[in-house]
Amino acid sequence: MQSQDFHRSRVDHCLYTKKAGDGSLIILVLYVDDMLIAGKDIHALDSLKQSLHGSFDMKDLGDANHILGMRILRNRSKGVLFLSQQEYISKVLQRFNMEGGKTIGVPLPPYLKLSAEDSPTSDDEKAEMAKVPYASAVGSLIYAMVATRPDIAFAVGVVSRYMANPGKKHWEAVKGIMRYLKGTKDFCICFGKQKASVVGFTDADYAGHADCRKSTSGYVFTFTGGAVSWISRLQKCVALSTTEAEYVAATEACKEALWLSYLVRDLGITELPILHCDSQSAIMLARNPVFHAKTKHIEVKYHFIRDVLDSKSIELAKVHTDENPACVLTKGLPAERFAHCQ
C-alpha cells in the first residue's frame with residue numbers, strides 16, 4: 001500500500017489514505033485478506049484496482065455488501081448506509097435452538113440480578129451444567145455485540161463473568177438475550193448525512209456488581225449519526241461514590257475520544273470530539289485542577305482527563321440523564337427507557 005503512495009494511519013495500521021487527482025480522498029481498509037476501498041473519484045479507484053491486480057492476485061467483488069459477518073445496505077437516494085448482522089444472528093439462534101423462542105423487549109430485565117451465588121456448588125449440578133454450551137453461546141453473542149449490537153453489550157458483559165462456573169440462572173439469562181435478539185435481529189446501525197464529527201456519551205452504574213461491588217463503566221461514540229465505538233465493562237477499582245464512578249468512566253471514555261479524534265484526523269476531520277456526561281459533579285471534578293482531600297485516594301491515571309481538558313483536546317459537556325444513550329451500557333433498563341436509549 002505504501003508503494004502505491006498511500007499513507008498509513010498512525011493509530012490504526014489497517015487504514016490507508018491517499019489523495020486522488022480531483023483532491024478527494026481514497027480510503028482503503030485492510031483486514032487480513034479482505035479489503036474495502038471507498039472514494040468519490042471512480043477513475044482513480046479503477047486505476048488503483050488495476051495497479052493492485054499487478055501486485056498480487058485479487059478478486060473484485062464490486063460494491064461491498066458483506067464483510068466479516070456484517071451486511072452492508074445502502075439507500076443512495078437518501079444518503080444512508082446500514083450495517084446489519086441479521087443473517088449471523090439467525091444462524092446463532094438456529095445453532096442453539098432458539099429460533100422458535102418467545103421474544104422479549106430487553107436483553108436483561110432490570111429485576112434480574114446475577115451473582116456467583118447462582119453458580120452450582122454440588123458435583124451433580126456442575127455435571128448437569130457441563131452439558132450446556134454456555135461458553136459457546138456467550139462467545140457467539142460477544143461477536144454480535146462487538147460488531148453491530150451495542151444494545152446487548154451490558155447483558156453480554158454480565159453473563160460472561162460466570163463462564164468458569166455457570167448456573168441455571170445464568171443460562172436462562174443467556175437464552176433471554178437470544179430471545180431479545182430474535183425480535184430485533186433486523187436492527188441496524190445507521191450512518192447518514194449528519195455532521196461528520198465524533199460525539200460520545202459516558203455513564204456509570206455505581207457498585208452494580210453484586211459480588212465485588214465494583215461499578216460498571218459504559219460509553220458510546222457516534223459518527224454521522226451511527227455508533228462506531230462502545231464498551232461496557234467493570235471498573236478496575238471500587239469507587240467510593242457515584243461521583244468517583246462517573247469520573248473514572250469519563251476518563252476511560254476520554255481515552256477513546258482521543259484515539260477516535262486521531263483516527264478521523266487522517267480522514268481530514270479536525271473538529272474536536274465532544275464527550276457528554278450526565279454527572280455534573282464528575283464534570284466539575286474533571287475541570288477543577290485543585291487537589292482535594294476527598295479525591296486524593298483516586299488513582300493518578302484517572303486524573304488524565306484533567307490534562308486533556310486543559311489542552312483542549314476534547315470537549316466535556318453535560319447531558320440530561322434521560323437523554324444519555326450510554327445508560328443502556330451500564331445497567332438493565334425497563335423496556336420503554338431501553339427503547340428510548342436506542
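How much space lies in the second largest pocket? About 470 Å³. This is a predicted model, where local features need pLDDT of at least 70, side-chain atom pairs count only at pLDDT 80 or more, and totals for chains, interfaces and linings use all residues. Residues are numbered from 1 along each chain as its sequence is written, and side-chain values use heavy atoms, with hydrogens and water left out.

**The chain as a whole**
- You'll find 10 helices and 13 strands in the chain; these are DSSP runs numbered from the N terminus, with helices being H or I of at least four residues and strands being E of at least two.
- Along the principal axes, the C-alpha atoms fill a box of roughly 65 × 55 × 35 Å.
- Buried residues come to 44% of the 342 (buried is under 20% relative accessible area, exposed is over 50%, and partly exposed is in between, with a 1.4 Å probe and protein chains only).

**The second largest pocket**
- A pocket here is an open set of points on a 1 Å grid over the protein atoms alone, with protein on both sides within 12 Å along at least five of seven lines, and lining residues have an atom within 4 Å of a point.
- Its volume is the space filled by probe spheres set on the points, which are joined across faces, edges and corners.
- Of the 20 lining residues, P150, I189, A227, C341 and Q342 lie nearest the centre of this pocket.
- Strands β8 (188-191), β10 (216-223) and β11 (226-234) each give the lining at least two residues.

**The cavity**
- Searching the whole structure turns up 1 cavity of 30 Å³ or more (a cavity is a set of points where a 1.4 Å probe fits but cannot get out).
- The largest cavity has a volume of about 60 Å³, and its lining includes V106, L108, F154 and G332.

**A look at G332**
- G332 sits in the loop between β13 (315-318) and α10 (335-341).
- At 21% relative accessibility, G332 counts as partly exposed.
- Although G332 and L108 are 224 residues apart along the chain, 5.7 Å separates their C-alpha atoms.
- Beyond its neighbours within four places in sequence, G332 is in contact with L108, P110 and F154 (contact means heavy atoms within 4.5 Å).
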